[in-house]
There are 2 protein chains.
Amino acid sequence: MEIKELIRAGHGEVKADLVIVNGQLINVASSEIYPAEVAIKNGYVVAIGDVDHCKGPETQFHDAGGRYLAPGMIDGHLHVECSKLSVSGFADLVVPYGTTSIVSGLDQILVVSGLEGVRHFLDEANAGPMTIHWGAPCKTPYTMPRSTVNHYFSPDDHRATHDWPECIGIWETVREFIQEEDDHVIEALEIARKNKLPVFGCSPMCKGSKLAGYASAGIRLDHESYEVTEALEKLRNGLFILIRESSISHFLEENIQLATKHAPEAAHRVSFCTDDVVATDVLKRGHLDNMVRMAIRAGVEPMEAIQMATINSAVACQIDHKVGLIAPGRQADIVLVDSPQSFNVQQVIAKGKFVAQDLKMLEPVARPERPEFLTETMKVAPVSPADLRVRTDEDAVKVLSMNMSTEVPFVRNRREAVLRASDGVVLPDTEQDVLYVSVVERYGKTTNKPVAFVSGFGLKYGAMATSTAPDDNNIVCIGTNPEDMAAAINWVIEKGGGQAFVKDGEVTVGLELPIGGIVSDIDPVEMAAKEEALDAAAREAGCRLEWPFMNMFVLSITAIPEFAITDLGAVDCVALKTFDPVLEPA
Amino acid sequence: MEIKELIRAGHGEVKADLVIVNGQLINVASSEIYPAEVAIKNGYVVAIGDVDHCKGPETQFHDAGGRYLAPGMIDGHLHVECSKLSVSGFADLVVPYGTTSIVSGLDQILVVSGLEGVRHFLDEANAGPMTIHWGAPCKTPYTMPRSTVNHYFSPDDHRATHDWPECIGIWETVREFIQEEDDHVIEALEIARKNKLPVFGCSPMCKGSKLAGYASAGIRLDHESYEVTEALEKLRNGLFILIRESSISHFLEENIQLATKHAPEAAHRVSFCTDDVVATDVLKRGHLDNMVRMAIRAGVEPMEAIQMATINSAVACQIDHKVGLIAPGRQADIVLVDSPQSFNVQQVIAKGKFVAQDLKMLEPVARPERPEFLTETMKVAPVSPADLRVRTDEDAVKVLSMNMSTEVPFVRNRREAVLRASDGVVLPDTEQDVLYVSVVERYGKTTNKPVAFVSGFGLKYGAMATSTAPDDNNIVCIGTNPEDMAAAINWVIEKGGGQAFVKDGEVTVGLELPIGGIVSDIDPVEMAAKEEALDAAAREAGCRLEWPFMNMFVLSITAIPEFAITDLGAVDCVALKTFDPVLEPA
């Protein structure tokens, strides 16, 4: 909206489109709650309090019925594609729960479809109710060593995108890049400094000298604390703290102690994010509204909890001139709740329009046409079972199997096992729970498809595969035998992307993800049903993990300790090198 | 400093230059006070807490002796030139009191010497202990209607300077420009939006629909509240609040009630500035340290008061990645105080170097060479008494005399008086305290030198003149007769700028201001002595104002109600038009 129009509307020379009356304003700037009206013009708040001067003959009125008006909530760090929903589908999922803004790098579509993929997703968001504040990823893929993708996001891309209106800074600056003084990441930071943009971090399990070096690089915030003492040390070192409560990594209860116990006077430097969420979870627990309620239950004052979901993230991410409070000049993103204490979302206004009621969208967000650069991204030929074998000249070998930690979500630790070989092939062993895991490079740039070993999934039969798999979104597959693995991978390839469970060579459950091979335009309820069916198939095959596909989905992330697998092979995430999973003859 | 060097220093791969030991860290980020060491490299903090990994054989140690380490303080809004001291002289004045950063538009040197003048001042600051965070003025001069200056700061200048490393946003966005939708100011705001820079405000006595319109324009902060209820309304409307305590406008006691009474939970959105200060005042009361002590006396918790002088202004001005807290990656600006409660500054470290002890600089800041564009700025011929007369054909006239308010500092209200004329000239009347006031355009662009009337100065004889006079820095002169006025003005012209008091045609006290005609390189103590001598001369002549020259100095500011005078003539500051001070025959 033009600045002059906003000024005129604020002055009342041009009258408001909509005035909300009879509401209690949760003013997160002044930390007060009081009766106030809100005047809205062209999607922006233009006056609060006494707004009589904004009312005209054409103005519409909405009676809030005494309910409380909170700002639309902001997810301070989110990989939207991890939901497997398109931007519009994700809006359908979270906007009814009051999330009207997300801070995201769109890093998954970026590695698949490059800048035009990101641009398409941003344009899609601009046309819908949910605002994406885009952080340019420090570089993608984040994998170390760098795995194969279609588009590598480089310093030149930073130069090309920092002046995009949606670009708010540098995103997901993985600590290891700083430690290793990665030339491209350092260059990106220099570009950001020149462009006066903030740099957002990613530094799990970081304290002491590591933290001093990391913070010295100018990192503004972090969302990755595993313990509250870690979060406290980051806070003391000047970082804003985003508490993460994802579908799998549940860290609110631990880290909210920052506000309730360790640094209660610094609550305004604490905010919320969910990082990775799936429809199944959001439809059960809610989204940021759930985090607000959890924080209140943990002993945080309702005002402070609401601030953590709104103005605090806005200030931390330097987007508080756009969103995060109900005040003139900001987007009219407003959530009507029953009370600050119980914080049940009842209605949602996004960009000045009523879009949701009683946790349902009034209408689904319109999906745009999807161009070929989004739908034709699977550039790999079908695989054969013979491609998916670990070979040896020995009769038996000792192998390193990456083993799912039972204590920390996603972490893979070291497990050694002895496997027998037959006809020159090391065989998976369901008795020992040592399965094959493979990554198939799918952009047609190599023929990489290494095979290694994984434990903790517990499948007794079959195979499971996914083409949505950060950080590079190659095809990850876990299986008890090469034949089922090939069937799962080939189904994913044939569909242009997806997830599948295979038993006896047949796909028993499949989810198509035709947009970039990573997301779908189906609605969230349908997505949740598919997620449950896929996970149920894996559990029925013996998997004991709560979220089987989500755990497979992150196996390529080398930033998660201690082992990973990319199209380059098995990776030691501490040494940041590939290694041969066959250790020695046994 | 290079980012890689900072990282290495933080990691301890390169050792610190200096480590401060045995101090109590006032951590304004976590709102805690605890024993901690601070490691410094090349002027930057690189580690806090346990910094053993940063200590090497060449590292120097400083024992804080158990004292408290506060961040260097930040003046959130300051016209440095109003002190009549050069940048280096001003640093000599305020750094010993713990002010290591100022946010300033350098708007006075800007209208005199253009961008090269600003560049010179910024380079001067970069070489010294005090950091200037430069806000590009929305446009200068701020006068409405626009008075004559050497350099008009236009939208093209915004385009040319926003990428200067020191530029942090748009400064002093005078509310009336927004109300009038001034094309150049709106264009500047659009440029700032594109460049993702914040916009700082200036909106005295602004509430209701005026405030809604102003805030809708995207203004981030304001420093101009005359009453705490006004400050509260601005806070509610999303603005950060800077409380001003200048040498003349004492608003801390009023506005600090925001934190003690009206919105105590929003104290982190409140910070301090001094706007205009003179050496006489700072040497008596201190600077921001005084504001901290005043706030504590008013009932603010010491931690909160210190935050208002440090991190709060840094966040409000979006410079918290550079200054405002003692944390890795920030400038090593550190103030050692006796205790948080009493807050007496004992030592100051700026950019990693000890620069002051016991409220004195260890060494004065080195003054740079001053180029001709700074020293040859007085392009006007001497005036004659005949130039300084209000003419009439009547024998007596009713005039409008701008009358100094006895209630609100600087405000000039309406006073009508009947003056006699002689030989076609309306005569000043010391009995009625209606004196002449003139502004002589001094850039050689016009021959403007209008004369009007002023009351409240109370001179019984003589004249006083100044060439430092925001917003345009033409020569302002008040006098009881044209002869003394001409003598005062001509002395100022001859010296290349200054302030003078004249009695019986002779300069009895003179202060030379050879840099831009507005500031001097003399030291603060000498400046204070000159200020006192000038004011004493005016008081001896009958002036009853506490600060006679300071009150004259601001007579050209049309943003101060209700009347002003510029080289265009007497100005009605509400109608924003010039007017004839001779109203009618009497």
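In the predicted model, helix α6 (residues 183-194) of chain A packs against α1(B) at an angle of about 115°, and the two axes lie 10 Å apart. Since angles of 65 to 115 degrees count as roughly perpendicular, α6(A) and α1(B) are therefore assigned to that class. On the side of α6(A), the contact is formed by Asp183(A), Ile186(A), Leu189(A), Glu190(A) and Arg193(A), and on the side of α1(B) by Ile3(B), Lys4(B), Leu6(B) and Ile7(B). Five of the residues in the contact of α6(A) with α1(B) are nonpolar and four are charged, with no polar residue.

A corresponding pair is formed by helix α1 (residues 3-11) of chain A and helix α6 (residues 183-194) of chain B, whose axes come within 10 Å and cross at roughly 115°. The arrangement of α1(A) and α6(B) is therefore roughly perpendicular. Here Ile3(A), Lys4(A), Leu6(A) and Ile7(A) of α1(A) meet Asp183(B), Ile186(B), Leu189(B), Glu190(B) and Arg193(B) of α6(B). The contact of α1(A) with α6(B) comprises five nonpolar and four charged residues, and no polar ones.

Helix α1 of chain B, which spans residues 3-11, also packs against helix α7 (residues 208-216) of chain A; the angle is about 160° and the axes are 7 Å apart. Because angles over 145 degrees count as roughly antiparallel, α7(A) and α1(B) are therefore described in this way. Their crossing is right-handed. From α7(A), the residues involved are Ser209(A), Lys210(A), Ala212(A), Gly213(A), Tyr214(A) and Ser216(A), while α1(B) contributes Leu6(B), Ile7(B), Gly10(B) and His11(B). By class, the contact of α7(A) with α1(B) contains four nonpolar residues, five polar residues and one charged residue.

Chain A and chain B each place 66 residues in the contact. The area buried between chain B and chain A is about 5100 Å², of which 51% lies on carbon and sulfur atoms. Ile3(B), Lys196(B) and Arg236(B) account for 14% of the area that chain B buries against chain A, more than any other three residues.

Backbone geometry was examined next. Most residues other than glycine have a negative phi, and most peptide bonds are trans. In chain A, a cis peptide bond connects Pro561(A) and Glu562(A), with omega at about -10°. Glu562(A) is located in the loop between α18 (548-553) and β28 (563-566) of chain A. In chain B, the peptide bond that joins Thr140(B) and Pro141(B) is cis, and its omega is about -5°. The loop that holds Pro141(B) runs between β8 (131-137) and α4 (155-161) of chain B. Asp423(A), a residue other than glycine, has a positive phi, near 50°. Asp423(A) occupies the loop between β20 (412-422) and β21 (425-426) of chain A.

Technical notes:
Residues are numbered from 1 along each chain as its sequence is written. Chains are lettered from A and ligands numbered from 1 in the order in which they are written. This is a predicted model: local features need pLDDT of at least 70, side-chain atom pairs count only at pLDDT 80 or more; totals for chains, interfaces and linings use all residues. Side-chain values use heavy atoms; hydrogens and water are left out. Axes are lines fitted to C-alpha atoms, for helices over the stretch in contact, and angles run from 0 to 180 degrees between N-to-C directions. Helices (H or I, at least four residues) and strands (E, at least two) are DSSP runs, numbered from the N terminus. Angles under 35 degrees count as roughly parallel, over 145 as roughly antiparallel, 65 to 115 as roughly perpendicular and the rest as oblique. A crossing is left-handed if the near helix is turned anticlockwise from the far one by less than a right angle, and right-handed if clockwise. Contact means heavy atoms within 4.5 Å. Ala, Val, Leu, Ile, Met, Phe, Trp, Tyr, Cys and Pro count as nonpolar, Asp, Glu, Lys and Arg as charged, and the others, Gly among them, as polar. Buried area is the accessible area (1.4 Å probe) that two parts lose on being put together, summed over both.
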